[in-house]
Amino acid sequence: MDSVQSLPLSEIEKIQGDKLKHMLKLCQIGHKFYQRLWETKGHNIGEIKSVGDLESLPLTQKQDLMEAPNDFRLNLSSNYPLHERALWEVLYTTGSTADPVPIFNTTYDYHAYLYQSKAVAEISGINDSDIIANLFPLTPAPMGAFVRSAGNAYAVGAKIFAALSGGAFSPFDLQNSLDQVVSRVEKHRATVLWGVPSYIRRLLIRALELCVDLSSIRMCAITGEATSPALREDIRRCLRDMGVENPLIFNRYGSTELGAFAQCKEEWDWHNPTPDLQYHEIVDPITGRRLPDGERGSLAVTHLDRRGTVLIRFLVGDIVSLDRTPCPHCGRTSERIVGPVVRTKDLIKVKGMLINPDVLLEAIQSLKFIAEFQIVIQKENQKDALSMDEMLIRVELNSERDIDFSKRIKDQVNKAIHVTPRIEFVDRGEIYRVGEQTKAVRFIDKRVTSGGEVR
Ligand SMILES: [Zn+2]
């Protein structure tokens, strides 16, 4: 299992090259989108012999997948084994504006995901004595994070249970309140909390209020929204207050299309757990040219061994860099994704300046007196579309309001992004209704059409 991640780079690339040739051949036989694309652009797939040659193929945009998700699904004849053709599950990627996009997984892909989960668990230290609490909510379309949590437990023989949190949308009355979830985590003596960080933080704060003993927790595996070091530290603080001596935060990076990456050490880079399943490049998103290791650019993924939805040089939408030197902590040789991860779709323009919301979030999350917050970008005069942009920060406080708070928030934000916000203090529970919302909505851009939520 561990072997591919620890082979010399040249041997990893040899395996990747062989898998790639087979993957491209399958696409030539049964992948509508690439058949059409390569034919129109005159690409001879037989000439691609290695991952190095991959650079000559065009990039795939997220938009291509969104427009025709069925064209990305391999269609193989009955000469191929059943497990390479049978549809095991359909997961949906979460799009912020459009409808979520289906990603098709055959039995073969499900097995590959178990294989990957096993590698992720080994890297991050999850084992067969763990009891995992799946805290992801039930969603209208099957979401990878919820569905795949079980596979992550199965792969290492750990126990798992689901909290079934979130707001109700079907008539079957399944969802549990926050207090019910706290009591379930206590009852099962969960060791790993698996969920969205803002929900995990709320759960821990509530457990502290109720004086419930959750000291069995040793790790929080977080994913699904951006977090700052300050927020992660606040989660650790809650756990320490409960008597957990050395709480770990395993910050998961990945997506339904990408699969999962793993940190071998807290706050460190993300390892590709299965270089025999996926290949990564950092590219110039316009020309498709590959950028050297260490240089920041757009992450493109190529599936090397899939049978359902297959993506070749797919632009994930994140700006990162790659490091292919052996990991100084665990010695693994497969490449590492180096942060900070900047989601290109999340960069927003305020008063003509491009700002990175993560920098803003971090600045606000570092202020201890803030319990919850929401950033609203709108027009100063909402009836006048041509008026100046305004940044409004709505704040719920942890404590009694201090005369000085407003100024401290303004100063902190201005220092981080050079925009001075307007501050509005609101009552507890106005920003994040736990139980009704999957996660707190941190960003609202009212300048675009209604529903223009960024994160
Ligand atoms: Zn490592």
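In which strand is Pro-340 found? Pro-340 belongs to strand β14, residues 336-343, where helices (H or I, at least four residues) and strands (E, at least two) are DSSP runs numbered from the N terminus. The peptide bond that leads from Gly-339 into Pro-340 is cis, with omega near 0°. Most peptide bonds are trans, and most residues other than glycine have a negative phi.

The structure is a predicted model, in which local features need pLDDT of at least 70 and side-chain atom pairs count only at pLDDT 80 or more, while totals for chains, interfaces and linings use all residues. Residues are numbered from 1 along each chain as its sequence is written.

The protein is divided into domain 1 (1-342) and domain 2 (347-454), with bounds that come from an automatic or database domain assignment. The C-alpha centres of domain 1 and domain 2 lie 30 Å apart.

An open sheet of 5 strands with parallel pairing has the order β4-β3-β5-β6-β7; two strands pair if DSSP finds at least two bridges between them. Because β4 (159-162) and β7 (248-251) stand at the edges with a single partner strand each, one side of each is left without a neighbour in the sheet. Neighbouring strands of this sheet are turned by 20° against each other on average, direction ignored; the axes are lines fitted to C-alpha atoms, for helices over the stretch in contact, and angles run from 0 to 180 degrees between N-to-C directions. Within the sheet, β5 (residues 192-195) and β6 (residues 219-222) pair in the parallel sense over 4 bridges. Trp-194 has Ala-221 in β6 as its bridge partner.

Helix α6 (residues 107-124) has 18 residues, which at 1.5 Å a residue should span 26 Å, and its end C-alpha atoms are 26 Å apart, in agreement. The expected span is 1.5 Å times one less than the number of residues. Of the 18 residues of α6, 13 are buried, so the helix is largely enclosed by the rest of the structure. A residue is buried if 20 or more other C-beta atoms lie within 10 Å of its own, exposed if 12 or fewer, and partly exposed in between, with C-beta atoms placed from the backbone. Gly-125 follows α6 and has a positive phi, near 85°.

The largest nonpolar core has 80 residues, and those with the most contacts inside it are Ala-133, Leu-135, Val-192, Leu-193 and Ile-200. Such a core is a set of buried Ala, Val, Leu, Ile, Met, Phe, Trp, Tyr and Cys residues joined through C-beta atoms within 7 Å. The largest share of this core, 7 residues, comes from α6. Leu-193 touches Ala-133, Leu-135, Ile-200, Ile-217 and Cys-220, not counting residues up to four places away in sequence; contact means that the C-beta atoms of two residues, placed from the backbone, lie within 7 Å. Apart from this core lies another, of 13 residues, among them Ile-348, Leu-361, Met-391 and Val-413.

Met-391 is located in strand β18 (residues 389-397). Met-391 is buried, with 20 other C-beta atoms within 10 Å. Leaving out residues up to four places away in sequence, Met-391 touches Val-350, Ile-375, Ile-377, Val-419 and Pro-421.

A second sheet deserves attention. Its 5 strands form an open arrangement in the order β10-β14-β13-β12-β11, with antiparallel pairing. At its edges, β10 (270-271) and β11 (278-283) each pair on one side only. Strands β12 (residues 297-303) and β13 (residues 314-323) run antiparallel and are joined by 4 bridges. Ala-300 stands opposite Leu-315 in β13.

Asp-269 is found in the loop between β9 (259-261) and β10. Asp-269 is buried, with 22 other C-beta atoms within 10 Å. Beyond its neighbours within four places in sequence, Asp-269 is in contact with Asp-323, Arg-336, Ile-337 and Val-338.

Two further loop residues concern backbone geometry. Asp-173 has a positive phi of about 50° although it is not a glycine. Asp-173 is found in the loop between β4 and α8 (178-187) and is exposed, with 6 other C-beta atoms within 10 Å. His-418 also is not a glycine and has a positive phi, of about 60°. The place of His-418 is in the loop between α12 (405-417) and β19 (422-425), and with 11 C-beta neighbours inside 10 Å His-418 counts as exposed.
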